[in-house]
Amino acid sequence: MTLSEGTGLAVPGAATEPPGAAGQKRSWAGESSESVARNLVLVGVLVALIVIGAITQPQLYSDSTWVWNNMVSILQLASVVGVVTVGMTFVIIGGGIDLSVGAIVALAGVWCTTLATQSYGTVGMIFTAIVVGVSVGLINGVLISYGRLVPFIATLAMLVSARGLAAAISGKQTQISANTVINSLASDRVLGVPLLVYILAVVAVAGWVLLNRTTFGRRTVAVGGNPEAARLAGIDVKRHTMLLYALSGLCCGIAAIMLTSQATSAQAAMGNLYELDAIAAAIIGGTLLSGGRGTIVGSILGVLIFATITNLFAINGLSTEAQNMVKGGIIVAAVLVQQFRFKSVTQFFDRQRATTAS
């Protein structure tokens with residue numbers, strides 16, 4: 001089998017795959033069915049959390065109106081982090097990590113709510129938020145791709161810098177959004193569902209199509225799975241990595257508008273710990289931390305699980321500290337399961353390949 005068969009790309013003059021490439025392909029030959037099974041498990045977890053809520057607060061769940069409003073609240077709670085998670089999923093699948101997403105949301109939100117920007121109306125605010133998000137994402141991508149900085153270090157530095165710039169622009173003050181169109185995104189509903197939820201749905205569908213039905217998505221998986229093989233297949237790995245961080249920045253810009261709508265204001269502290277929420281949701285959804293594998297559907301289900309846990313703790317009057325400990329435990333468990341399954345499946349196919357060769 002040639003390298004082009006393993007990556008789906010033609011490689012002039014390539015006659016053989018790099019060692020282990022064939023085994024890796026066979027290792028994840030059933031990835032589609034595995035993703036479906038994983039997503040069904042996540043749906044089961046969501047159902048279990050709802051059942052726990054009904055058991056612990058039966059008087060609330062006996063009211064159908066309250067149940068509907070509570071479900072809508074969970075979806076709205078998940079909407080902003082969900083958009084950020086879509087971008088984060090692409091970055092992690094591509095073999096990177098972005099610790100600056102929360103700070104980018106804050107910077108984009110603060111920049112788009114300055115008096116000067118608001119004077120340009122709705123289009124000016126949205127344009128500013130998106131341009132700021134994409135620009136900061138591109139800076140991350142350039143530092144990582146062409147500056148050869150480790151993603152952890154580059155995005156950690158951007159986290160601090162973006163927060164500092166947001167504080168400087170806002171003068172450490174909360175900036176009020178006077179734009180009724182932006183503010184109405186969180187309050188207006190269509191068929192009883194907030195507009196923010198529809199925005200999340202559009203971003204998630206667009207992300208799914210981009211990852212599963214385009215060359216960009218296939219290249220993302222190739223770059224994250226084996227950068228050297230991707231380079232030999234003719235992919236400009238540096239350029240693609242830069243674009244992945246720009247995509248993450250784009251999602252942050254959209255999320256900044258959504259979060260500004262919810263609070264009708266923006267400040268340097270907004271989007272706090274969004275990076276951890278997004279990474280955790282992607283991991284829970286099955287995105288491999290080492291890159292090369294992940295799904296948008298799984299990541300969105302991960303976001304919904306964490307939003308449901310937050311809601312469950314809130315209706316039962318439990319502390320935020322306990323909630324964070326539970327989330328931390330879930331993240332550790334998910335990573336351990338990932339490592340065990342990845343190593344087990346890889347070792348299995350390695351043994352099968354060795355047996356066939358002998």
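This is a short tour of one predicted model, from its annotated segments to its side-chain pairs.

Ground rules first. Residues are numbered from 1 along each chain as its sequence is written, and side-chain values use heavy atoms, with hydrogens and water left out. Local features need pLDDT of at least 70 and side-chain atom pairs pLDDT 80 or more, while totals for chains, interfaces and linings use all residues.

Start with the record. An unreviewed UniProt entry lists several stretches as "transmembrane region", among them 190-211 and 242-261. Such annotations may be inferred rather than shown by experiment. How do the two look here? Residues 242-261 are 100% helix and 0% strand, with end C-alpha atoms 29 Å apart. Residues 190-211 are 77% helix and 14% strand, and their end C-alpha atoms are 28 Å apart. Helices here are DSSP runs of H or I, at least four residues; strands are E, at least two.

Now Ser184. It sits in helix 10, residues 180-187. Ser184 is buried, at 17% relative accessible area. Buried means under 20%, exposed over 50%, partly exposed in between, with a 1.4 Å probe and protein chains only. Leaving out residues up to four places away in sequence, Ser184 touches Leu195 and Ser261. Contact means heavy atoms within 4.5 Å.

Next, aromatics. How many pairs are there? Two. Rings of Phe, Tyr and Trp (its six-membered ring) pair if their centres lie within 6.5 Å; under 30 degrees between planes is stacked, over 60 edge-to-face, the rest tilted. Tyr61 and Trp66 are edge-to-face, at 5.1 Å and 70°. Trp66 is partly exposed, at 21%. Phe90 and Phe216 have centres 6.4 Å apart and planes at 45°, so that pair is tilted. It links distant parts of the chain: Phe90 is in helix 5, Phe216 in helix 12, 126 residues apart. Phe90 is buried, at 1% relative accessibility.

Charges next. The whole structure has one salt bridge, meaning a side-chain nitrogen of Lys or Arg within 4 Å of a carboxyl oxygen of Asp or Glu. Which residues form it? Glu228 and Arg231, with the closest N and O atoms 2.5 Å apart. Both lie in helix 13, three residues apart, about one turn of the helix. Glu228 is partly exposed at 41%, and Arg231 is partly exposed at 46%.

Last, Val47. Val47 lies in helix 3, residues 31-56. At 46% relative accessibility, Val47 is partly exposed.
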